[in-house]
Amino acid sequence: MPALAEPTDVVELCRHRAERFPDRRSHVFLDHAGNESAALTFGELDLRARAIAARLRDLAPPGGCAVLSHARGVDFVPAFLGCLYAGIVAVPAPATRRTHGDPRFERLADIVADARPDLLLCGSDRLAGRGLVDRALPTDLVDPGHARRFEPVPVGPDAVSHVQYTSGATGRPKGVVITHGNVLANVRLITGSAPDAPDRPPTVTWLPLFHDMGLVGGVLHPLYAGHTSVVMAPQDFARSPVTWLAALDRYGARFAAAPALGYDLCARRVTDEQRDALDLSRLRVAVISDEPLRADTVDAFADRFAPSGFRREAFFPGYGLAESTVLVSGGPPGPVVTAFDPDELARGRVRPSADGCRLVASGVPDPAAAVVITDPGTGEPLPPDRVGEIRVAGPSVGAGYWRRPGDPAFDTTVPGHGGGFLRTGNLGFLHDGRLHVRCRLADAITVGDRVLMPYDLEDAVVAARPSIRAACAFQDPAGRVVVLAETREPVAVEVPDVDLVVPVRPRTLRYTTSGKLRRADTRAAWLLSGRDGRNG
């Protein structure tokens, strides 16, 4: 079979992979010790996807919607592609065994309530979510013989591939409608070459496959590039971060991707003995993302693993969000760190300063996209080197929010630049052609004519006392700057610009399932508790 010049949809891509490379491994799944527990070839993946698609056609018509709640990647991947084969909109969601006291169940329930799916796809061992949806299909029990009944449905670049729910860091999760064209545009940007390029070493990911970075990095990008994806469970990475690094070494990976917290965890938790047994010299691209990217994270990992052969130049800083499939800007490899005057930044102006705060650029914007910095209030484009809201237009931007037609975040107009722009809700700026991301607009703290970054205040409070493990900064209804400090000891802390530091019990702060601090939810819970100082 000839090479595939450029697919028009993900189904065409997957079927071509199966026909051209039926025996090449598409996915390898690792157990908690980092050993191979299961694997799928492109041929097996296609067979299982066709079987699941045939069963889906028995339960819902094309255009229907299915929430996917799988604990194991070996079950999730064929179920996701089975939805695409059947023309069913896939909605990735977390899996959970419990119905109470588990943030994953809360997220699953929120997604089900918003998506209003026709059915739930899950593993036979995951029962907690079944009470949320009338019909459920345990996809690991689907007989592969059903593949004989598969009948292709019309698919094209404008057809909906899946609905990717946002992290919920600043509010309830919203489902972003992602088309096949969006997917292909984004993985093409990540890969930077034709889909049938020579075989590459595997990638290794621990990211949850129901998150945008995990889905694209662990399923869609490897499928497009034609190489094997090695998948491990996020809880196994959290338990033993060296397992990820050891797998990168064992499989000779040249490409890896993780949010900053993953690299932070490795730098803190991997022992000298474990590090000295690693060879990371073959790693050429290490994607790192955060809002913002901290120079300390880059420095700590690069210094810690230099004896293992890791090259600082391998870091590939990037910025992305679910509304743009995932990647908006990134690279080229090699982190660019610039020191900026913090007082000027607080007033919305960008001025390099040798003794200022060190910021890592989130790379160069997608050349196929338009990135404009705008005034958050008026939407007017700002002059160069000004801080404002990041707006993005391009082929990776999703079609809108699920069941929320006409949402004002999508298809906005920027004077002088035209329409079709997404309001990202992130503050940032462009400097020397590179994007720098500051924080979410909803989390920014305004004091007089200055806009303060919550993480700067949180870092200052944590640094003030060894007993403080984590903090959350926000403004209360009276405009006071409040920082909740998780500690087991009573503390008195004074930090500039902070009106009130409140000690709270450990595990009081709220986080998303991807580890992001949910400042708005934490603030709301604290206000609701009545312990906000208003009653003395």
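Residues are classed as buried when their relative accessible area is under 20%, as exposed when it is over 50%, and as partly exposed in between (1.4 Å probe, protein chains only). The structure is a predicted model, in which local features need pLDDT of at least 70 and side-chain atom pairs count only at pLDDT 80 or more, while totals for chains, interfaces and linings use all residues. Residues are numbered from 1 along each chain as its sequence is written, and side-chain values use heavy atoms, with hydrogens and water left out.

Helix α11 spans residues 295–304, helices being DSSP runs (H or I, at least four residues), as are strands (E, at least two), numbered from the N terminus. Seven of the 10 residues of α11 are buried, namely A295, T297, V298, D299, F301, A302 and R304. In helix α6 (residues 212–225), 14 of 14 residues are buried. G226 follows α6 and has a positive phi, near 85 degrees.

The largest nonpolar core comprises 108 residues; such a core is a set of buried Ala, Val, Leu, Ile, Met, Phe, Trp, Tyr and Cys residues joined through side-chain atoms within 4.5 Å. Helix α3 (residues 73–86) supplies the largest share of this core, 10 residues. The residues with the most contacts inside the core are L81, W244 and F310. With residues up to four places away in sequence not counted, W244 is in contact (heavy atoms within 4.5 Å) with V204, T205, W206, M232, F237, A256, A257, A258, Y263 and C266.

Helix α3 also packs against α2 (residues 42–59), at an angle of about 60 degrees and with the axes 7 Å apart. Axes are lines fitted to C-alpha atoms, for helices over the stretch in contact, and angles run from 0 to 180 degrees between N-to-C directions. The angle makes α2 oblique to α3, the classes being roughly parallel (under 35 degrees), roughly antiparallel (over 145), roughly perpendicular (65 to 115) and oblique for the rest. Among the residues that meet are L45, I52 and L56 in α2 and V74, L81 and Y85 in α3.

R116 lies in the loop between α4 (103–115) and β5 (119–122). This residue is exposed, with a relative accessible area of 52%. R116 touches I111 and R403, residues up to four places away in sequence not being counted. Between R116 and L132, 16 residues apart in sequence, the C-alpha to C-alpha distance is 9.9 Å.
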